[in-house]
Amino acid sequence: MPASKNRPTGPEPAPVVQHLLVRYAKRGRMRFASIRDVQRAFERAVRQARLPIAHSAGFSPHPKISYASGTQTGVASEAEYLTLGLTAPVDPAGMRSVLDRALPDGIDVIEVAEDSGGSLNGRLMVSEWLVELPGVAPDAAAAAAGAFLAAAEVPVERLTSKGVRRFDARAAVLTLEVSPRAGAIDHHECATIRLVVRHTEPAVRPEDVLNGMLPGGAATVQPAVAVTRLAQGILGPDAEVVAPTPAKVNVP
Amino acid sequence: MPTESVYPRLEPLLPRVRKPIAYVGGEVNSVVKDWDRTDVRWALLYPDAYEVGLPNQGVQILYEILNEQDGVLAERTYSVWPDMEALMREHGIPQFTVDGHRPVGDFDLLGVSFSTELGYTNLLTALDLAGIPLHSADRGGEDRDPEDGTWHPLVIAGGHAAFNPEPIADFLDGVVLGDGEEAVLKITGHVRAWKRNGRPGGRDGLLRTLAAEASLYVPRFYDVSYLPDGRIGKTVPNDRGIPPVVAKHTVMDLDEWQYPRKPIVPVAETVHERYSVEIFRGCTRGCRFCQAGMITRPVRERSITTVGQMVEQGVQATGFSEVGLLSLSSADHSEINEIAKDLADAYEGTNTGLSLPSTRVDAFNVTLADELTRNGRRSGLTFAPEGGSERMRKVINKMVTEDDLIRTVTTAYASGWRQVKLYFMCGLPTETDEDVLAIADLARRVIQTGREITGHKDIRCTVSIGGFVPKPHTPFQWAAQTPHEVVDSRLRKLGAALRADKAYGRSIGFRYHDGQPSVIEGLLSRGDRRVGKVIETVWRDGARFDGWSEHFSFDRWVACAGQALAGEPVDLDWYTTRERDEDEVLPWGHLDAGLDPDWLWQDWQEALGGTGDVEDCRWSPCYDCGVCPSMGTEIQTGPTGERLPEGTKLLPVLSVS
């Protein structure tokens, strides 16, 4: 009997009965992992930790893991999110260490909570970023920040897979604060910038803000520049970033 | 000697290179031991990019075996891409290990695993970046002392492409022929004893001990003389106590060597993403072109029980969703049916894929493939008739008839496979245009049969062709390599024949490589020590990553070969397209893979005569090749009659207390 062309034989995959919301960090040398690298690491960790992960139907079943938009290669984060669909209920609190142990050091699970499984996009509207600029004087950075904030529009360019894209970096920036860093890195002065940026399309990244702020762009201070996402969520009443709470789970 | 991580200096450069993740290490199951609590330290180099080198079984096995030992440390290092090489040179960063980011020059030993000769230039890059003199002779003698900072690691090569290490002899301190598992432990023991005893005899003293007691081939202890016409006169030891012939290492009873248990799981994307278990080592099918099948004899199987255990532990330790059952021809395991069925049972419903590299042209192979893809898509199956015509297949001792092939693809299409890939070689000894054009006839018959069986037209056949390179320690070691112009012309004719076919042409895919890289592979495969100068010249001229078509430059190799061999009676053609006589001393003549030279020569003559099928000694007792009697080894195969326990299904973890 020739196999059916469209559907595999065998039983249907088991349905999802529980969702977990996972917050994780990308630290240290693991900041050089790409978005795909992190995804593969989670797929394996879930298997290694033997979580009852659900799979999609079809000839090449994929584990049901939904990733919120991740930081790009080279950028660290304390606040990345994903959700897992499980075929059997588990104790979420206990899963944190189980999953963390199966991941490389630097891809660290911070929190696991039960979730409704709804889309993450509506719950992740803004990001808070920390940008360290070794070799840049805090005064100079503060002046550049002032000019950036005073402008109505700051056009920047970024090379994407579809060519050079030109867009405004100003409107998405809600907060831009420069503070002198205590001490210095390798005897260089170091300006530190805290940013709160609204998620937009195209996304305005910290490097775009730097390009808009600094004469000659971020290239003048790269590669020493260190960028870390500190938080993701919705904007609170005092312009702070409020982490996503797990959506309500209906207990039957 | 203290050592320091280069990572703080490396990190600022990482945002500027392609694929920085390849240089950071930190993978699941990687090991960083305390430097000061170990006394024998190995750096293991795979001379290709991280994405290719990481999954390499040889490196993974040795890494695990060495790190399991108290007081022994092993770290991995890979070839860096040219963008990283430029930055490392600019910033004075040496070749480093990805585990501890320690300078390779600080280790006691540098083990290098060669799967292909095209990695030779990458060895030179790594040595140079490590600050290790390229020539072993410049690495010092009696006065070199590990504690005074002038020590350079012993550079020791292994792997299939080191079975004729003569072209890189000048750059190596030693070569391990054959299986590395026991050899690295023996070497480690001697290095430890030598260090504890106050390093008697210095560097040469250690090498002399390793040559005499650990079957290490130390090229420097052998002198090669040449005849006026360029052929080798003889290769002889130049020191007392050095054996005239060096024998390969063979590990017996693979059930006692269950490695890798906890293979490294890369964060970066690599060429193979799976847990691989070698289900047997060696192959005695007797294909005359196949170096691997000749140098890894005899066949030694792992039992079904061991395979089952290794798979269970390996999947658990890695989280890989694919398991590869590796060997040179996996369908030939005496209990492959049981292994495939029991593993498919155990992993059914866990979304774990099983794969089995086997290109046997028979219906059994299809049945096995069916078992491994119970519920999955049946996309493509690969078969390797290797030669297009019946005559050609007789020459290479691949005893497959055209009817066998048609029967096999009929079974494949009937069980739902949509695509069949056929693998061939071009440039085989005695080959003519007609032999290659016969491939087109075969492919046409395959499609015709497939359409009849399935009743529709959406089936495909891909013809994939590699250029044949004569290899040392095979019956074809005396053969003239076919000039690349001839190979290319035959491939063009075959391509034209396939394209011209109105009825079937569009269902047949055609994949090939041009013939030029094979010529350089041929030079490096059968070269002697004089080829070392060519390698160094071409490396100094900028050759890197010769196995990558975007980096390989044939013109550069030709020009540098001309320059380096200018004063010699030999040239590129002499090494490649020249047929050798029986009495010629071959560069690897003093390196013993166990194969009786008379048997190899007779097999070569029978190939030319198109006579004499060589049977597989697993099924018809035969000691003619000489390996078992000369090496004191034996075939180790089942069946054991065992089965994998039922109910071993891996259940998910629901909670932890």
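I began with helix α16 of chain B, residues 516–526, and found it mostly covered: 11 of its 11 residues are buried. I count a residue as buried if 20 or more other C-beta atoms lie within 10 Å of its own, as exposed if 12 or fewer do, and as partly exposed in between, with C-beta atoms placed from the backbone. Helices (H or I, at least four residues) and strands (E, at least two) are DSSP runs, numbered from the N terminus.

Notes on the source: this is a predicted model, where local features need pLDDT of at least 70 and side-chain atom pairs count only at pLDDT 80 or more, while totals for chains, interfaces and linings use all residues. Residues are numbered from 1 along each chain as its sequence is written, and chains are lettered from A and ligands numbered from 1 in the order in which they are written.

**Around α16(B)**

I looked up which residues of α16(B) are buried; among them are Gln516(B), Glu521(B) and Arg526(B). What covers them? The cover of the buried residues includes α5 (120–130), β16 (460–467), α15 (484–499), α17 (531–540), α18 (554–564) and α19 (572–576) of chain B.

**α5(B) and α17(B)**

Two of those covering helices, α5(B) and α17(B), have axes that come within 10 Å and cross at roughly 65°. Axes are lines fitted to C-alpha atoms, for helices over the stretch in contact, and angles run from 0 to 180 degrees between N-to-C directions. The crossing of α5(B) and α17(B) is right-handed. A crossing is right-handed if the near helix is turned clockwise from the far one by less than a right angle, and left-handed if anticlockwise.

I then listed the meeting residues. Tyr120(B), Thr121(B) and Leu124(B) of α5(B) meet Ile535(B), Glu536(B), Val538(B) and Trp539(B) of α17(B). Contact here means C-beta atoms, placed from the backbone, within 7 Å. By class, this contact of α5(B) with α17(B) has 5 nonpolar, 1 polar and 1 charged residues. Ala, Val, Leu, Ile, Met, Phe, Trp, Tyr, Cys and Pro count as nonpolar, Asp, Glu, Lys and Arg as charged, and the others, Gly among them, as polar.

**α10(B) and α11(B)**

Next I took helix α10 (residues 336–347) and helix α11 (residues 363–372) of chain B. They pack at an angle of about 15°, with their axes 9 Å apart. α10(B) and α11(B) are therefore roughly parallel to each other; the cut-off is under 35 degrees. α10(B) passes α11(B) in a left-handed crossing. Ile336(B), Ala340(B), Lys341(B) and Ala344(B) meet Leu368(B), Glu371(B) and Leu372(B) across this pair. The residues of the contact of α10(B) with α11(B) divide into 5 nonpolar, no polar and 2 charged.

**Two sheets of chain B**

I traced an open sheet of 4 strands in the order β14-β15-β16-β17 (chain B), with parallel pairing. Strands pair if DSSP finds at least two bridges between them. β14 (380–386) and β17 (508–512) of chain B stand at the edges, each with a single partner strand, so one side of each has no neighbour in the sheet. Neighbouring strands of this sheet are turned by 20° against each other on average, direction ignored. β16(B) and β17(B) pair over 5 bridges in the parallel sense, and Thr462(B) stands opposite Gly509(B) in β17(B). α15(B) lies across β15 (419–426), β16 and β17 of chain B, at about 170° to β17(B).

Another open sheet has 5 strands in the order β2-β1-β3-β4-β5 (chain B), with parallel pairing. Its edge strands are β2 (72–78) and β5 (174–175) of chain B, each pairing on one side only. Helix α6 (residues 181–196) of chain B packs on this sheet, touching β1 (40–46), β2 and β3, and its direction makes about 140° with that of β1(B).

**Chain A**

I turned to chain A: 4 helices and 11 strands. Of its 252 residues, 39% count as buried.

Is Ile53(A) buried or exposed? Ile53(A) counts as buried because it has 24 C-beta neighbours inside 10 Å. Ile53(A) lies in the loop between α1 (35–48) and β2 (65–67) of chain A. Its contacts, beyond residues up to four places away in sequence, are Val46(A), Pro63(A), Lys64(A), Leu84(A) and Leu86(A).

Strand β7 (residues 163–168) of chain A is hardly covered, with a buried count of 0 among its 6 residues. β6(A) and β7(A) form a hairpin with 2 residues between them.

Definitions and conventions
Two residues are in contact if their C-beta atoms, placed from the backbone, lie within 7 Å. Angles under 35 degrees count as roughly parallel, over 145 as roughly antiparallel, 65 to 115 as roughly perpendicular and the rest as oblique.
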